[in-house]
Amino acid sequence: WRKEKINMQIESGKIYRHFKGDYYVVVGEAGHTETGERMIIYHPLRSPDILFARPKEMFFEKVPQHCYPEDQELRFVQVEREEI
C-alpha cells in the first residue's frame, strides 16, 4: 500500500462521511502553531460542541483496504445532506 496524492480541497460547513460510517461537519482549516502543518477542524454532525483536529494529509488519505475492508476508499468523503 502506498500513499497517493489526491485533491485536498476542503469546504467549510460541508458534511463529510468517515469511512466507518459516522458524519462530520468541517469547521475549517488551521495551521499547527509549532510545525505549520495544515490541520482540518471538524465536529460530529450531531455534536457541534465537540471538536477534532486531524492533519489535512491524513484527512484525505486512502484507507488501506487490507486493514479496513470498507466500501469507501478515502478516510473522509464529502456528502450531501440528502444522502444522510
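Q: Where does Pro 55 sit?
A: Pro 55 is in strand E4, which covers residues 52–55. Keep in mind that this is a predicted model.

Q: What does Pro 55 touch, leaving out residues up to four places away in sequence?
A: Pro 55 touches Glu 37, Arg 38 and Met 39.

Q: Let's zoom out. How many helices and strands are in the chain?
A: The protein chain has 1 helix and 5 strands. Along the sequence, the pattern reads β-β-β-β-α-β.

Q: And how much of the chain is buried?
A: Buried residues make up 35% of the 84 residues. The accessible surface is about 5,700 Å², and 47% of that belongs to carbon and sulfur atoms.

Q: OK, salt bridges. How many does the structure hold?
A: It holds 4 salt bridges. One of them pairs Glu 29 with Arg 38, where the closest N and O atoms are 3.0 Å apart.

Q: Arg 38 again! Which residues are linked with it in a network of salt bridges?
A: Glu 29 and Lys 56 are linked with Arg 38 in that network. Glu 29 is partly exposed, at a relative accessible area of 31%. Arg 38 is partly exposed too, at 40%.

Q: What does Glu 61 form a salt bridge with?
A: Its partner is Arg 75, and the closest N and O atoms are 2.5 Å apart. Both residues lie in the loop between helix H1 (56–59) and E5, so the pair ties together parts that are 14 residues apart in sequence.

Q: Is Glu 61 buried or exposed?
A: Glu 61 counts as buried because its relative accessibility is 12%, under the 20% cut-off. Arg 75 also counts as buried, at 14%.

Q: And what about Lys 62, which residue does it form a salt bridge with?
A: Lys 62 pairs with Glu 73, the closest N and O atoms being 2.8 Å apart. Those two are in the loop between H1 and E5, 11 residues apart. Glu 73 is partly exposed, at 45% relative accessibility.

Q: Switching to the surface: which residues gather in a patch of negative charge?
A: Glu 11, Glu 80, Glu 82 and Glu 83. Glu 83 lies in the segment after strand E5 (76–79). Glu 83 is partly exposed, with a relative accessible area of 49%.

Q: Last one. Where is Gly 21?
A: Gly 21 is in the loop between strand E1 (15–18) and strand E2 (23–31). Its relative accessible area is 34%, so Gly 21 is partly exposed.

Definitions and conventions: Residues numbered from 1 in each chain as written. Predicted model: local features only at pLDDT ≥ 70, side-chain atom pairs only at ≥ 80, totals over all residues. Heavy atoms only, no water. Patch = residues over 30% accessible without salt bridge, like charges linked within 9 Å, V, L, I, M, F, W, Y side chains within 5 Å. Areas by Shrake-Rupley, 256 points an atom, 1.4 Å probe, with all protein chains shown as cover. Salt bridge = Lys/Arg side-chain N within 4 Å of Asp/Glu carboxyl O. Lys, Arg positive; Asp, Glu negative; His and termini not counted. Charge placed at Lys NZ, Arg CZ, Asp CG, Glu CD. Helix = DSSP H or I, 4+ residues; strand = E, 2+ residues; numbered from the N terminus. Buried < 20%, exposed > 50% of the residue type's maximum accessible area, 1.4 Å probe, protein only. Contact = heavy atoms within 4.5 Å.
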